Amino acid sequence: MKYDEALAKYEPVLGIETHIELGTASKMFCGCPTGFGAEPNTQVCPVCLGLPGALPVTNHAAIEGIIKIGLALNCEIVEWCRFARKNYFYPDMPKNFQISQYDEPLCVNGFLEVEAEGETYRIEIERVHMEEDTGKSLHVGGATGRIQGADHSLVDYNRAGIPLVEIVTKPIPATGEKAPLVARAYATELRELVRSLGVSDVRMEEGSMRCDVNVSLMPRGAAEWGTRTETKNVNSLRSVERAVRSEIERQAGVLSGGGRIVQETRHFHEDTGRTTSGRSKEEAQDYRYFPEPDLVPMAPSREWVAELKASLPELPAARRRRVQAEWALSDLELRDVVNAGAVELIEATVAAGADAGAARKWWMNELSRRATEQGVELDALPITPEQVARIQAMVAAGELNDKLARQVFEGVLAGEGAPDEVVAARGLKVVSDEGELSSIIDRVIADNAAVADKVRSGKVAAAGALVGAVMKATRGQADAGRARELILEKLGAS
Ligand SMILES: [Zn+2]
């Protein structure tokens with residue numbers, strides 16, 4: 001069913017579960033390293049392989065990380081809680097159970113405010129709990145990389161046991177047609193928040209942040225929520241938005257045709273933008289949760305929690321309010337800067353000496369355009385805020401005009417070196433030598449005698465053509481304003 005039609009008939013209710021791998025040096029319950037991309041099965045030991053007799057020990061830095069996340073999400077940090085065993089059998093889980101938390105999560109009852117198209121939504125957080133990641137299965141020989149049609153499968157346990165934080169929202173009602181945007185805004189804000197805490201690199205493309213998106217529909221005006229589906233491991237912000245949208249369209253089609261929604265997990269396909277059926281959803285009792293007998297309970301002292309709270313950095317929402325005031329941005333300008341991922345880059349450029357207006361201009365115009373052309377994020381461009389500030393300093397000193405500055409940007413991005421090296425190698429300085437400029441102007445006047453006569457006879461506007469000729473002769477490196485002054489002076493028209 002078409003999206004607009006679906007929204008006219010049904011009201012969506014969302015729920016989002018997000019898994020975030022913490023960037024600790026070692027795993028959750030053993031000393032194995034956690035680096036991404038190592039040779040398969042080289043970062044493993046008896047504990048994370050679940051060998052008999054191996055005993056887990058809780059990673060202090062991971063607990064510190066999750067408490068920071070909980071505090072930043074306005075959660076209550078409980079005084080006492082336990083880990084639980086979640087029993088299920090899966091090839092990428094060497095112990096055949098996952099150490100997680102069940103009815104005693106560490107952080108509860110928080111919220112995160114997000115903005116979608118100028119409206120603020122308060123997303124209630126039900127819980128934030130600590131668990132360990134699973135390994136990875138690799139299905140070889142099939143066309144799709146899925147298990148169907150594969151010749152054989154391989155498992156890599158390097159990821160097994162990496163600290164994983166799960167953040168679960170309460171149901172998010174009343175977002176209407178903005179549901180896909182609200183879901184995306186939440187994932188975006190959460191990623192920014194966790195990144196600002198420095199506890200994870202939150203890279204969705206590497207799987208260190210993964211979203212499961214729950215969607216249900218109820219007829220408009222109904223009191224009871226519909227059956228929900230859970231779309232697993234959506235791995236980009238754009239996909240979060242698309243997955244919600246496509247699931248609303250699909251469910252509306254099923255419901256309006258008299259069908260019923262099956263409670264199940266679904267997979268999102270990047271190529272088609274659609275979800276397909278996964279497995280029917282397990283109930284909690286299928287996991288036979290029980291308190292983990294090999295670990296002591298967690299009882300973070302109030303002093304420690306207060307210390308961690310005091311250590312939190314400025315959070316993204318507060319930072320946005322501050323830079324909006326400092327840089328005198330309208331709401332729309334701020335939104336553009338945020339959406340472009342330019343807040344930190346502009347801040348760093350200002351810190352390196354540029355004024356805020358110029359820093360914003362370069363990042364939002366010239367550099368955003370080039371990032372779009374190359375299909376990369378702004379912060380992936382091979383130029384640093386310090387280099388942008390250096391180029392702007394040369395503009396401010398009159399050594400470069402904007403046109404030349406753009407050539408310096410081009411050179412730096414092309415790997416030709418630092419701004420000063422590009423200026424030297426390409427010979428890009430503004431012609432500021434008066435004698436040189438004067439002799440170029442004399443030549444231009446001689447070559448354009450008819451135009452020069454017009455200026456002499458009082459048609460000052462005609463001088464523009466001579467300024468253009470000077471700029472052409474200097475390959476854009478003259479100061480156009482100064483050239484104009486000298487021309488008028490020489491022609492007695494000043
Ligand atoms: Zn290990």
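Guide: Two residues are in contact if their C-beta atoms, placed from the backbone, lie within 7 Å. Welcome! This is a predicted model, where local features need pLDDT of at least 70, side-chain atom pairs count only at pLDDT 80 or more, and totals for chains, interfaces and linings use all residues. Residues are numbered from 1 along each chain as its sequence is written.

Visitor: Which residues of α16 does α13 meet?
Guide: Look for helix α13 at residues 434-447 and helix α16 at residues 480-490 (helices are DSSP runs of H or I, at least four residues, and strands of E, at least two, numbered from the N terminus). On the α13 side, the contact uses Leu437, Ser438, Ile441 and Ile445. Their partners in α16 are Arg482, Ala483, Leu486, Ile487 and Lys490.

Visitor: How many residues of that contact of α13 with α16 are charged?
Guide: The contact includes six nonpolar residues (Ala, Val, Leu, Ile, Met, Phe, Trp, Tyr, Cys or Pro) and one polar residue. Asp, Glu, Lys and Arg count as charged and the others, Gly among them, as polar. For α13 with α16, the charged number is two.

Visitor: How are α13 and α16 oriented to each other?
Guide: Their axes (lines fitted to C-alpha atoms over the stretch in contact, with angles from 0 to 180 degrees between N-to-C directions) are 10 Å apart, and the angle is about 60°. Angles under 35 degrees count as roughly parallel, over 145 as roughly antiparallel, 65 to 115 as roughly perpendicular and the rest as oblique. The pair α13 and α16 is therefore oblique.

Visitor: And what is the arrangement of α3 relative to α4?
Guide: Helix α3 covers residues 179-197 and helix α4 covers residues 237-256; their axes come within 8 Å and cross at roughly 150°. That angle makes the pair roughly antiparallel.

Visitor: How many charged residues does the contact of α3 with α4 hold?
Guide: From α3 come Ala179, Pro180, Leu181, Ala183, Arg184, Ala187 and Thr188, and they meet Leu237, Val240, Glu241, Val244, Arg245 and Ile248 in α4. These residues divide into nine nonpolar and one polar, while the charged ones number three.

Visitor: How many nonpolar residues are in the contact of α8 with α10?
Guide: Helix α8 (residues 343-351) and helix α10 (residues 385-396) have axes that come within 8 Å and cross at roughly 55°, so the two are oblique to each other. Leu345, Ala348 and Thr349 in α8 meet Pro385, Val388 and Ala389 in α10. Here there is one polar residue, no charged residue, and the nonpolar count is five.

Visitor: What is the bridge partner of Ala84 in β14?
Guide: An open, antiparallel sheet has the strand order β4-β3-β14, and its edge strands, each pairing on one side only, are β4 (97-100) and β14 (290-291). Strand β3, residues 84-87, is joined to β14 by two bridges. The partner of Ala84 is Pro291.

Visitor: How far apart are the C-alpha centres of domain 1 and domain 2?
Guide: An automatic or database assignment sets the domain bounds. It gives domain 1 (3-308), domain 2 (317-422) and domain 3 (434-490). Between the C-alpha centres of domain 1 and domain 2, the distance is 35 Å.

Methods
Two strands pair if DSSP finds at least two bridges between them.
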